[in-house]
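This briefing goes through the structure shown below by topic. Please keep the sequence and the 3D view open while reading.

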Amino acid sequence: MRWNGKTLLWALALVGFILLPQLITVKYYLHLSILALCWVIAAQGQNLIQGYTGYVSIVQAGFMGIGAYSTALMGLHYDLPVWLTILLAPCVTAVFAVLTGYPSLRVKGHYFAVVTLAFNLVIFIVLMNWHDLTQGEAGITGIPKPGGKDSWLNWRDRGTYYYFVLSIAILMTGLAALIVRSRIGQTLIAIRQNEDLVGAIGIAAWKYKLFAFVTSAMYAGLAGAIYAHYQSFINPEIFGVAQSLDAILAVIIGGSGTIAGPVIGAFFVVFLPEYLRFADSFRLILYGLVLVLATIFMPRGIVGVAGDLWAKVKGKPS
Amino acid sequence: MIEILQQIINGMAIGGVYVLIALGLTTVFGILGIAHFAHGSVSMFGGYLTFFLVVMWGLPLALAILIALVVGFLLGVLIELLAYRPVRNANHINAFIVALGLTMMVEGLNLEFFGHEQVVIPTDFSRVFNIGGVTIPELRLYVILAAALLIAAMTIFVEKTKTGQAIRAVAENRDAAILMGVNVNTIPLVVFSISTALGVCAGVMVGALFAIAPGIGEGLVVKGFAVLILGGLGSIPGAVVGGLVLGITEALAAGFISSAYKDVIAFVAMILVLLVRPQGLMGKA
Amino acid sequence: MKLTTLTAALALAGTTALAAEKTLDIGVSDALTGGAAVYGLPQANAVKMAAEEINAAGGIKVGDDTYMLNVIAYDDKANPTEASNSVRKLIDRDGVKYILGFCCSGATGAVASFIENEDAVMLVGNAAERSITTREIPNLVRTRPPADYTGAAAGTFVAQKGHKKVAVLGALDIGFYASYVDAFEKELEKAGGEIVTRESFGLKDRDMTPQLTKIRELGPDAILVVGYVEPAAFIYRQAVELGIDVPRFGFTSGSEEQFLRVATSEQMEGVWDLRPTELTLLSASDNGIAYHANYSEKYGIAPSPSSPYAYDQTYALKDAIEAAGTVDDTEAVAAALRELPVPDEVVMQYLPVDGKMFDVNGQAYTSNGAFQWQGGNWVFVQDLPSDAAAYSAFLSTID
């Protein structure tokens, strides 16, 4: 029964996402939905390292930046087709993730968080200052859309881009679900629960952690690349620590260590500021308050609360 | 040679601030295991408040600092009781995320109360000393001396007083400390009041010597954590050595290598230390 | 759609509104909070003030209709994503066609990258990055001249003062500051001078002594400080504290108040600011003095020197709409902007190119001035030699 209910919910959500552009009358919300779908991809990655493995990484936006800049620069300098640079972007990000993950995964807990945060700062400073490569704060403009001008799809139309991002988000969510169910995923969860124990039974935990970290970075790189081609403009500002915190927030709010969590959380993170605009100057305070209250009172996020409610409705003890 | 000496003096002022911030972080971390991310913003709150009392109410600086210390202390206690205590026994990730949320809230409060323009706490110290070609402004000297005094006071408190010993006992072995009759519910409050007091002092120093503006506190707390990693988490001598090393490294990097990448160089130094000595310069293996 | 419903609502409310009086929504996207609010908030205020003045003077007249301006301002925090969100919202949701403000280059660049495909007109203010007007986007104009236009004039000025070795300390990670220095260097080198070092600082840095110590060892004839006011003020103070006593030139556009918060007037004495002839009371025209007084009265704080860029946008828009004779046809309004003579009400002193306020690139030029700190105030000393027509031709060659 439980499985059927869950599958039904996923199917309903899928139908909802497919119909969404038809239901939206104000195009602005379609724009936000596309951004939210980019964040779904980034947050699924964040969830792998944060939610499943139990390591808070504060560099997700930095990795999005590496993905975004690699796709834009490869297109600009080597004239490669857009679909290829989008595919290469996560690979470039992976290289950086291996280089940074190796030293930072030697330390645990808060150490790890701070070291990754330092990496995000370093990425930001380099993007700002390496002017010859990145054009600094002025940013890169005119990043092309995936299809050329004579493509059979009108890529300038936001509806088209929406379905493009939606398909990738579905694929990546599916992939995350596969990873989690695999033996690797189970090992990651074991690391979260008791890393020493995992080490004690002779599993090289660091390999699994590095895998989670690099995969998470590749998700971010892909999200960044898709973002870059959608907005046609990138500059370092959008890949700072504040945005990495948004990725963390998305996972926590949605439901850490669940597949549906990052999906819900990403939409939450993108749409919440819209509804807090009435209190513009209080927004930061409210944002922080939501984070604190959510962690204290619903540590398992929206998905956790919904699960409890569902169990209650069904009359089963949660 | 004068240039190197001057750069070391330059780095000592900001290094002193780093030490104070790091001491606040390291006591909280060592005893409660919390990465108190909001510490930088709370410190800046203290600096802002001092500025406000001096400029708007015309209070003398010393009195303003005293009031800021008390209010900052209350804020610290409030944060511990309302935010950190509920997640104390939960997964460490939760405490970390609460800390991030608190940072946003305190930054938001600062913005709401004190605005987005930078503020500088006015002082009367404008003389500049010149010792054999090395120049040092009066105010900078006082900041370095005050930092040294506070560090000494902190060390004496932890080493010599009964409360200090209780704090160290909890840091070393929580369960044993409980058995010895240490009250583990009041210790966090003491720790937060010490930590916040040091933070407020750092905030005042930053506000007088440099400026307080949105985002400065967050930047400082990141440097504070870098100091902890450099020096060794939970270690007081580590925080002192790490803070000075970081401050002076930054000054030398900016002066002799590249001013654009001075922070990158400082972070790379931190990561190198981590690779060679994961427990930090002064940490226990 | 929106216009008619609004008018209907007005009429139904039984007010004395004339049948022909309509409301025209104009948007502002600017940094209203965060670090860049120092520039963005005064711009948004300036637009609101100009709109009120226009309304009080009878609104915008298009044919038989009179339009009253209504300003919708959104905070973009100078962040590119937020800026494209707020402009998307203005266009898609609020049905706005005219968008003003834009203090900061990153956010402006993001919006400029897509505005060409929209049925809207974008008026850029204080953002100084050159590339914003090199692409000849037909529905975009900018009131502030690019930084390198001013940098070249500044380089000539410093070279004429006889300085050969200049040390630069600037926010060089920010594109337009770097381009100011590049143009400065070119003119300086023509006169046989050179830049001996380029030191950088970050937006949140306030301790500049490491960079200044290095500069002190190099023994330059002069230093050039380019960057936002808040960190720049510390450079001037700490240079004095370190005993550097060479002439200090700068490109910061800060008000007296902003500098005095950090440094004493004695520490500032003699500092030059080489920048567009923006608002300072001592150099201001009658319009400038009135603007300063009205703004101070309305908002209880002195206007920032760069805020009139946004004030002037509003009047340029008004004249362009009246010249085009339509509020709906944005192409016509954008074209009219390109043909516009400098409006009478503007505060900045624009140098028209071919008699027009904006050149073919949509770029306006102000005169550049040398200001010096004398006894607690910025004093206008002289115009800097600047050739708007030549720069305009140069701008057209870049893409």
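## Domains of chain C

In this predicted model, the C-alpha centres of domain 1 of chain C and domain 2 of chain C lie 30 Å apart. Domain 1 of chain C takes in 2-146 + 283-367, and domain 2 takes in 148-282 + 369-397.

- On the side of domain 1 of chain C, 33 residues are in contact with 27 residues of domain 2 of chain C.
- Helix H11 (residues 286-299) of chain C gives the most to the side of domain 1 that touches domain 2, with 3 residues.
- That side of domain 1 of chain C has 15 nonpolar, 14 polar and 4 charged residues.

**The sheet of 6 strands in chain C**

- Chain C has an open sheet of 6 strands with mixed pairing, in the order E2-E3-E1-E4-E5-E6.
- At its edges are E2 and strand E6 (140-142) of chain C, each of which pairs on one side only.
- Neighbouring strands of this sheet are turned against each other by 30° on average, direction ignored.
- Helix H12 (residues 308-324) of chain C packs on this sheet and touches E2, strand E4 (98-101) and strand E5 (121-124) of chain C. The direction of H12 makes about 20° with that of E2(C).
- Strand E1 (residues 21-30) and strand E3 (residues 65-75) of chain C pair in the parallel sense over 10 bridges. C:Ser29 has C:Tyr74 in E3(C) as its bridge partner.
- Strand E2 (residues 60-62) of chain C pairs with E3(C) in the antiparallel sense, over 3 bridges. Here C:Ile60 has C:Tyr67 in E3(C) as its bridge partner.
- E2(C) and E3(C) form a hairpin with 2 residues between them. In the turn, C:Gly63 has a positive phi of about 60°.

**The sheet of 7 strands in chain C**

- Another open sheet of chain C has 7 strands in the order E8-E7-E9-E10-E11-E12-E13, and its pairing is mixed.
- Strand E8 (194-200) and strand E13 (377-384) of chain C are the edge strands, and each pairs on one side only.
- From one strand to the next, the twist of this sheet averages 25°.
- Helix H6 (residues 175-190) of chain C packs on the sheet, where it touches strand E7 (165-170), E8, strand E9 (222-226) and strand E10 (248-251) of chain C. The direction of H6 makes about 165° with that of E8(C).
- Helix H7 (residues 209-218) of chain C also packs on the sheet and touches E7, E8 and E9 of chain C. The direction of H7 makes about 165° with that of E8(C).
- Strand E11 (residues 272-276) and strand E12 (residues 368-374) of chain C pair in the antiparallel sense over 5 bridges. In E12(C), C:Ala370 is the bridge partner of C:Leu274.

**A helix pair in chain C**

- The axes of helix H3 (residues 80-93) and helix H4 (residues 105-115) of chain C come within 8 Å and cross at roughly 50°. H3(C) is therefore oblique to H4(C).
- The crossing of H3(C) and H4(C) is right-handed.
- H3(C) makes the contact with C:Pro80, C:Ala83, C:Ser84 and C:Val87, and H4(C) with C:Gly106, C:Ala107, C:Gly109, C:Ala110 and C:Val111.
- Of the residues in this contact of H3(C) with H4(C), 6 are nonpolar, 3 are polar and none is charged.

**A helix pair in chain B**

- In chain B, the axes of helix H2 (residues 39-55) and helix H3 (residues 61-84) come within 8 Å and cross at roughly 145°.
- H2(B) and H3(B) have a right-handed crossing.
- Residues of H2(B) in the contact include B:Val42, B:Phe45 and B:Leu49, and those of H3(B) include B:Leu61, B:Ile65 and B:Leu75.
- The residues of the contact of H2(B) with H3(B) are 12 nonpolar and 4 polar, with no charged ones.

**Contact of chain B with chain A**

- Chain B brings 36 residues to the contact, and chain A brings 33 residues.
- Helix H4 (92-114), helix H9 (216-231) and helix H11 (262-276) of chain B each supply at least two residues of the side that touches chain A.
- H4(B) gives the most to this side of chain B, with 16 residues.
- The side of chain B that touches chain A has 29 nonpolar, 4 polar and 3 charged residues.

Definitions and conventions: Residues are numbered from 1 along each chain as its sequence is written. Chains are lettered from A and ligands numbered from 1 in the order in which they are written. This is a predicted model: local features need pLDDT of at least 70, side-chain atom pairs count only at pLDDT 80 or more; totals for chains, interfaces and linings use all residues. Two residues are in contact if their C-beta atoms, placed from the backbone, lie within 7 Å. Helices (H or I, at least four residues) and strands (E, at least two) are DSSP runs, numbered from the N terminus. Ala, Val, Leu, Ile, Met, Phe, Trp, Tyr, Cys and Pro count as nonpolar, Asp, Glu, Lys and Arg as charged, and the others, Gly among them, as polar. Two strands pair if DSSP finds at least two bridges between them. Axes are lines fitted to C-alpha atoms, for helices over the stretch in contact, and angles run from 0 to 180 degrees between N-to-C directions. Domain bounds come from an automatic or database domain assignment. Angles under 35 degrees count as roughly parallel, over 145 as roughly antiparallel, 65 to 115 as roughly perpendicular and the rest as oblique. A crossing is left-handed if the near helix is turned anticlockwise from the far one by less than a right angle, and right-handed if clockwise.
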